[in-house]
Amino acid sequence: MYPLKFFPIYFNKIWGGRDIESIKRDAPEGNIGESWELSCHPNGESIISNGKYKGIKLKELIKENKKNIIGKDISEDKFPILIKFITANDNLSIQVHPDDVYAENFENDNGKSEAWYILKVKNDGKIITGLNDVEKHDIKEKIVNGKLENHLNYTQPKENEFYYIEAGLIHGIGKGITLLEIQESSDLTYRVYDYNRGRELHINKATKVINEKLKCEKIIPKKK
């Protein structure tokens, strides 16, 4: 085996734009919001871009050569991570992801905990990291009546900071944020608010998986 590289998988998003060009010179036209760099998820499977395996899907190579790529302890159908760049030209939805148990029981997918590495912050961009002063039984009423914003924890991130977004933590990425996301291999998102952009909300599912007591862990790298 040799070090594998992959073609990026680009996704147009309603909140996307052209900030991806600061990372990817070959990005296609459109409002690009995400670039998946490593994935075996069916919604976007990585294709090898170098060496003798060029043009082959990573998932296919794993089936042929599982031991040398993911070892013996991981199922070939359960590639554990998905890595992507996110560039927010507008606010992403306020959202939450289910944990593994809920996702496997009700969605036939993996749950989704994720980690963010902040690459760039423009125009005082903010992130949403959890809830304040609200009880579980009141969350749905707050969402439906447009009062959830009063209980959101807004954070002003800085470049080179890490944030761990555990499944069940309500969160959002604000306009002007560029980050690298390392997550479980899942594409499940339950939106609770989308800034009146007309996309589907998932309030009933979201309120089942929101953990109002979760807090976001921030890691600031030590200066050398």
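1. A nonpolar core here is a set of buried Ala, Val, Leu, Ile, Met, Phe, Trp, Tyr and Cys residues joined through side-chain atoms within 4.5 Å. Keep in mind that you are looking at a predicted model. The largest such core has 16 residues, and the members touching the most others are Leu-131, Leu-148, Ile-170, Val-192 and Ile-210.

2. Where does this core come from in the chain? At least two residues each are supplied by the strands β8 (94–96), β10 (127–131) and β15 (190–193), and by the helices α4 (139–144) and α5 (203–209).

3. Setting aside its neighbours within four places in sequence, Leu-131 is in contact with Ile-139, Leu-148, His-151, Leu-152, Ile-170, Ile-210, Glu-212 and Lys-215. Two of the core members already named, Leu-148 and Ile-170, turn up in that list.

4. There is also a second, separate core, this one of 14 residues; Trp-15, Trp-116, Ile-118 and Ile-127 are among them.

5. Now for the aromatics: searching the whole structure gives six aromatic pairs. In one of these, Tyr-102 and Phe-106, the ring centres are 4.6 Å apart and the planes sit at 35°, so the pair is tilted. Both residues belong to helix α3 (residues 100–106), where they are four residues apart, about one turn of the helix.

6. Together with Tyr-190, Tyr-102 and Phe-106 make up one aromatic cluster.

Terms used: Residues are numbered from 1 along each chain as its sequence is written. This is a predicted model: local features need pLDDT of at least 70, side-chain atom pairs count only at pLDDT 80 or more; totals for chains, interfaces and linings use all residues. Side-chain values use heavy atoms; hydrogens and water are left out. Buried means under 20% relative accessible area, exposed over 50%, partly exposed in between (1.4 Å probe, protein chains only). Contact means heavy atoms within 4.5 Å. Rings of Phe, Tyr and Trp (its six-membered ring) pair if their centres lie within 6.5 Å; planes under 30 degrees apart count as stacked, over 60 as edge-to-face and the rest as tilted.
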